[in-house]
Amino acid sequence: MTSTEITLEEQTELDKALLDALNPLASAIRSRTSGLPEERMWEADPVDVTLSVLAAWKVVDAEVKRLTAIAAGTAGSYGASYEQLGAVWGITRQGARKKWPEAVTRPTAAQSGAGLKLFGGTAELLQDAGSGGWSWTGEGADGAHGTAGGDTWYPTKEEAAAHAGAFLAEHAAGRS
C-alpha cells in the first residue's frame, strides 16, 4: 500500500463523514426543487430523492476540484514542481501542468534571490520550478547582456553560477 492509499477503516470513516456532510445539502437541494420541507425529503419519489443526492454530489465534486486547485497552488507557491504534483495525483508532469496551469510559476530573478557581483558586473540565478534546473541572466561591466540561452538549464545552482561567472569575467571592465 502506498502512503496515499487508505485503509478500510479510514475509508469507512471518510464515507460516513462525507455522507453526514452531504445529507443536509441534498435535503436543501430537494426542498428547493420540490417545494417540500427538508425533513420530508425522504418521503418523495425514490428517483427524485436519488437525483437530489446526485445533484448534491455534483456540488461537492465542484467544490473538491476548487479546493484541490487551491492546494496545488499552495504547494507550488512553496516550491513544489509539476513533477511532484503529478506524482501525488498519480498523473504525469504534463498532466499536472494541464490540470493546474497556474499552480507552479517560473520564478523571476527577484523571486530566486540568487545573485552574483563579480568583475564589475552582476548576474541573477534563476531556478525553473517545473524541472528544478538552474539558468542565469547577467550584465557585464562593459554593458554586455547575456543569458544561459534558450532552453539551457543546468542541474545545479553552482554550475549555473560558474557559467554566469565566466560571462562576467569575459565582460569585465577594461577587458577587450
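Predicted model: local features only at pLDDT ≥ 70, side-chain atom pairs only at ≥ 80, totals over all residues.
Trainee: What radius of gyration does the chain have?
Mentor: The chain has 27 Å, whereas a compact globule of 176 residues would have a value near 16 Å. Along the principal axes, the C-alpha atoms fill a box of roughly 90 × 40 × 20 Å.

Trainee: What share of the residues counts as buried?
Mentor: Of the 176 residues, 30% are counted as buried. The accessible surface is about 11,400 Å², and carbon and sulfur atoms account for 57% of that.

Trainee: Changing topic. How many aromatic pairs does a search of the whole structure find?
Mentor: It finds two. One is Trp89 with Trp100: the ring centres are 5.4 Å apart and the planes are at 80°, so this pair is edge-to-face.

Trainee: Where in the chain are Trp89 and Trp100?
Mentor: Trp89 is in helix H3, and Trp100 is in the loop between helix H4 and helix H5, 11 residues apart.

Trainee: What about the rings of Trp136 and Phe167?
Mentor: Their centres are 5.2 Å apart and their planes are at 40°, so the pair is tilted. Trp136 belongs to strand E3 and Phe167 to helix H6, 31 residues apart, and the pair links distant parts of the chain.

Trainee: Why does Trp136 count as buried?
Mentor: Because its relative accessible area is 6%, and buried means under 20%. Phe167 is buried as well.

Trainee: Which residues is Trp136 in contact with, leaving aside its neighbours within four places in sequence?
Mentor: Among them are Glu124, Leu125, Gly146, Tyr154, His163 and Phe167.

Trainee: Where is Ser135, and is it buried or exposed?
Mentor: Ser135 is in strand E3. It counts as buried, because its relative accessibility is 7%. With neighbours within four places in sequence left aside, its contacts include Leu126, Thr152 and Trp153. Glu124, Leu125, Ala148, Tyr154 and Ala160 are in contact with Ser135 and also with Trp136.

Technical notes
Residues numbered from 1 in each chain as written. Heavy atoms only, no water. Rg over C-alpha atoms; globule rule 2.2 N^0.38 Å. Buried < 20%, exposed > 50% of the residue type's maximum accessible area, 1.4 Å probe, protein only. Areas by Shrake-Rupley, 256 points an atom, 1.4 Å probe, with all protein chains shown as cover. Contact = heavy atoms within 4.5 Å. Helix = DSSP H or I, 4+ residues; strand = E, 2+ residues; numbered from the N terminus. Phe/Tyr/Trp six-rings, centres within 6.5 Å; stacked < 30°, edge-to-face > 60°.
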